[in-house]
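The following exercises concern one protein model. Please examine the sequence and the structure, then work through each solution in order.

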Amino acid sequence: MSPIAVEGPELNLGTAEAYVALARPKIDPTQPGVIAAARDAGVSPEEFAGPGDVWTLMYDADGDGDGFELPGARDTEADAFAEQLQLALAAAEPFTVDAGNFLRLDARPAGADWAVTAHVTPPEGEEDGPGARTLELGALPATQLLAELEQFRRELA
């Protein structure tokens, strides 16, 4: 099966070993891989691709990852979170930034980097889903964080 390309805004924070990603995935149902996967699943390509307007939070720490959907989350909320994070980074002091009640980032300067800890809490009603997690994202370069935030905000605009 051919790979399935996923578009849409995505904010990745972390490293290959530990990360959080806030994304609104959009899949084109006309992709050959989507058509084949939908056929295998016994659904239409449009149903397989989904609506493309639901935000998700994905995370991983040492190969133990999971994620959940954020029904009702809006682009304006994602942009406000990114803006708060940009402003906090510019202040160059330890900070905490919340993205609703599902993600909290604690960060402190570490030279030219930021030591970032993510606190992930699934929405209520996710009994069968993942539990609350704390992930040490490591020392992340300030320039990389700011570039990622700028790109994310451009994708939302």
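**Exercise 1.** How many residues line the largest pocket, and which of them lie nearest its centre?

*Solution.* The model is predicted: local features need pLDDT of at least 70, side-chain atom pairs count only at pLDDT 80 or more, and totals for chains, interfaces and linings use all residues. Residues are numbered from 1 along each chain as its sequence is written, and side-chain values use heavy atoms, with hydrogens and water left out.

Step 1. A pocket is an open set of points on a 1 Å grid over the protein atoms alone where a 1.4 Å probe fits, with protein on both sides within 12 Å along at least five of seven lines; lining residues have an atom within 4 Å of a point.

Step 2. The lining of the largest pocket comprises 19 residues, and A73, E77, A99, G100 and F102 lie nearest the centre.

Step 3. The elements giving two or more residues to this lining are α3 and β7 (95–99); α3 gives the most, with five residues.

**Exercise 2.** Determine which residues of α4 are buried and how they are placed around the axis.

*Solution.* Step 1. Helix α4 covers residues 142–156, 15 residues in total.

Step 2. Its buried residues (under 20% relative accessible area, 1.4 Å probe, protein chains only) are A142, L145, L149, F152 and L156.

Step 3. These residues lie on the same side of α4, because they cover an arc of only 95° around the axis.

Step 4. The buried residues of α4 pack against β2 (10–14), β3 (18–23), β5 (55–61), α3 (75–91), β9 (113–120) and β10 (133–141).

Technical notes:
Helix = DSSP H or I, 4+ residues; strand = E, 2+ residues; numbered from the N terminus. Expected span 1.5 Å × (residues − 1). Buried < 20%, exposed > 50% of the residue type's maximum accessible area, 1.4 Å probe, protein only. Arc of directions from axis to C-beta. Contact = heavy atoms within 4.5 Å.
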